[in-house]
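I opened this entry to look up how the chain is divided and what lies inside it. My notes follow in the order in which I took them.

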Amino acid sequence: MDFDVAIIGGGTAGYTAGVLLGRRGKRVVVIEKENIGGTCVNYGCVPSIFLSELSFLYSRLKEIGDYKGIIISVSLDGSTFFRKRDEIIEYLRSAGEGLIKSSGGEIIRGEAEILGKNELSVNGEKISARNIIIASGSKPNTPSIEGVENAISEDEAVRLDRVPSSMVVIGGGVAGTEIAQIFAKLGSSVTLLSRGKVLKEIEEETRHVLMNGLDFDGVNVVEGVTPKKIKDGKVITDKGEYEGEIIVYATGRMPSIPKGTQKIGIETTRNGIIVNRRLETSIKGIYAIGDVIDKENRVAHLAYMEAIVASLNILGSCEEMDYEGTPQVIYTDPQIGIVGDKRKVEKFVKFPYAANTRAIIRGFREGFSAIGIDKNGTVVYSEIVGDSAEELVNLLALAVRKRLTIRDLAFSIFAHPSLSEVVLNAARDEFDLDVDNYK
Ligand SMILES: Cc1cc2nc3c(=O)[nH]c(=O)nc-3n(C[C@H](O)[C@H](O)[C@H](O)COP(=O)(O)OP(=O)(O)OC[C@H]3O[C@@H](n4cnc5c(N)ncnc54)[C@H](O)[C@@H]3O)c2cc1C
């Protein structure tokens with residue numbers, strides 16, 4: 001079989017490149033050993049955001065009972081709830097397959113092995129291609145804890161089809177914290193174990209808002225603890241034992257490097273495949289994109305952009321990947337959005353949700369936006385914690401990427417009443433132009 005481009009992996013990165021290249025007339029094959037959609041659709045963003053959106057709604061309605069005069073009676077029908085999640089996964093999976101095929105691409109099921117610069121094998125059959133794109137993603141990093149086989153990974157946790165009575169989550173990073181809060185909201189008794197502080201990279205004030213949220217939902221957070229053994233439904237640590245019907249580890253991810261990669265001379269590190277700014281590997285004509293490459297952040301929005309850059313380069317452009325202004329979102333309650341480089345910050349300007357009209361109407365007043373500026377007033381960093389922070393952070397992503405100044409933001413006009421004014425008014429506060437906040 002002969003193709004213009006062979007893509008290993010049909011996750012976010014591979015699927016995007018497949019559709020883009022197919023639509024531009026390339027003969028494309030996407031080789032997938034499991035399911036189209038990869039981690040994001042099957043075990044990552046989609047199930048976890050379904051669970052966070054719906055568990056947050058459930059717990060809010062349950063707590064509130066009577067919301068501003070709307071009387072609500074709430075209960076959880078677990079089998080329908082988890083079936084709805086699976087229906088969305090199935091819908092997106094088949095939509096992805098349909099898009100690859102309708103763009104003229106072919107899908108082959110099986111595990112790809114790289115044989116040479118232009119050659120692969122799948123299920124014992126040889127495939128040749130002018131270009132290869134490695135988009136084989138990542139897999140959970142299994143921690144070296146005795147008895148870890150009695151625990152499940154983050155990927156498996158978001159595909160559970162029932163709410164366990166109790167859960168212990170090992171890992172106080174993004175995935176671990178999100179999973180702990182989701183299941184606490186759904187009614188599990190949850191303990192979150194973290195070696196250091198939970199989400200240690202965020203500002204102390206942001207963490208404080210988050211910790212209040214976790215506390216409100218009843219998550220038992222234990223920091224500064226090292227798990228030693230998992231046995232009989234217990235995590236045995238240096239600071240005591242924690243019992244859970246389900247034990248989850250969320251201790252980072254590692255690249256899934258296809259067989260043959262190193263053998264044919266593609267350079268790698270423990271963290272992934274080395275690529276240049278054009279996303280080409282050390283072998284000309286072979287590209288790598290998405291979670292499999294050696295980089296800091298493994299997120300789907302980077303996988304999309306890397307697929308665009310690599311595809312355009314295969315089509316003859318000379319595009320370079322620019323990571324500046326990549327937002328990071330933590331889908332906790334309240335949500336957290338982060339963008340930029342904290343090291344460049346000279347000064348923060350802030351604005352609380354409690355003084356935002358839309359937030360007051362909605363009734364979710366916790367949190368604030370903080371915009372970090374450098375000595376020239378350029379927006380270089382931002383942290384937002386509060387309702388819809390995952391949407392608002394994209395405004396700041398644009399500001400950081402386009403190097404807008406705080407004055408550019410302050411003299412913008414945003415709709416009123418909107419949560420986005422949490423960002424606008426932080427900027428206006430710098431020039432004493434905001435009147436909504438008490439001083
Ligand atoms: C619990 C969880 C929540 C997440 N939430 C978010 C979020 O909210 N937002 C966000 O941006 N990101 C999130 N992510 C990260 C996101 O899922 C990944 O960044 C994204 O899926 C990376 O896409 P990819 O195409 O590089 O890899 P993947 O999606 O992992 O796809 C790789 C594909 O390649 C296949 N494959 C591997 N090796 C071979 C081979 N040799 N032959 C054939 N096929 C092969 C795999 O089966 C897989 O389908 C989350 C991840 C997890 C685990």
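I began with residues 326-426, whose end C-alpha atoms lie 21 Å apart, and I noted that the span is 30% helix and 29% strand, helices (H or I, at least four residues) and strands (E, at least two) being DSSP runs numbered from the N terminus. For residues 326-426 the UniProt record, an unreviewed entry, gives the feature "domain: Pyridine nucleotide-disulphide oxidoreductase dimerisation"; UniProt positions are in the numbering used here, feature names are shortened, and annotations may be inferred rather than shown by experiment.

I kept in mind that this is a predicted model, in which local features need pLDDT of at least 70, side-chain atom pairs count only at pLDDT 80 or more, and totals for chains, interfaces and linings use all residues. Residues are numbered from 1 along each chain as its sequence is written.

Next I looked up the domains, whose bounds come from an automatic or database domain assignment: the chain is divided into domain 1 (2-139 + 254-314), domain 2 (148-249) and domain 3 (328-429). The C-alpha centres of domain 2 and domain 3 lie 29 Å apart, and 11 residues of domain 2 are in contact (C-beta atoms, placed from the backbone, within 7 Å) with 12 residues of domain 3. On the side of domain 2 that touches domain 3, α6 (174-186) and α7 (204-216) each supply at least two residues.

Of the 439 residues, 46% count as buried, that is, with 20 or more other C-beta atoms within 10 Å of their own, whereas a residue with 12 or fewer is exposed and one in between partly exposed.

Leaving aside neighbours within four places in sequence, V169 is in contact with G176, I179, A180, V190, L192, L193, V248 and A250.

Last I checked Y91, which is found in helix α4 (residues 78-102) and counts as exposed because it has 12 C-beta neighbours inside 10 Å. The C-alpha atoms of Y91 and V41, 50 residues apart along the chain, are separated by 9.7 Å.

How values were computed:
Contact = placed C-beta atoms within 7 Å.
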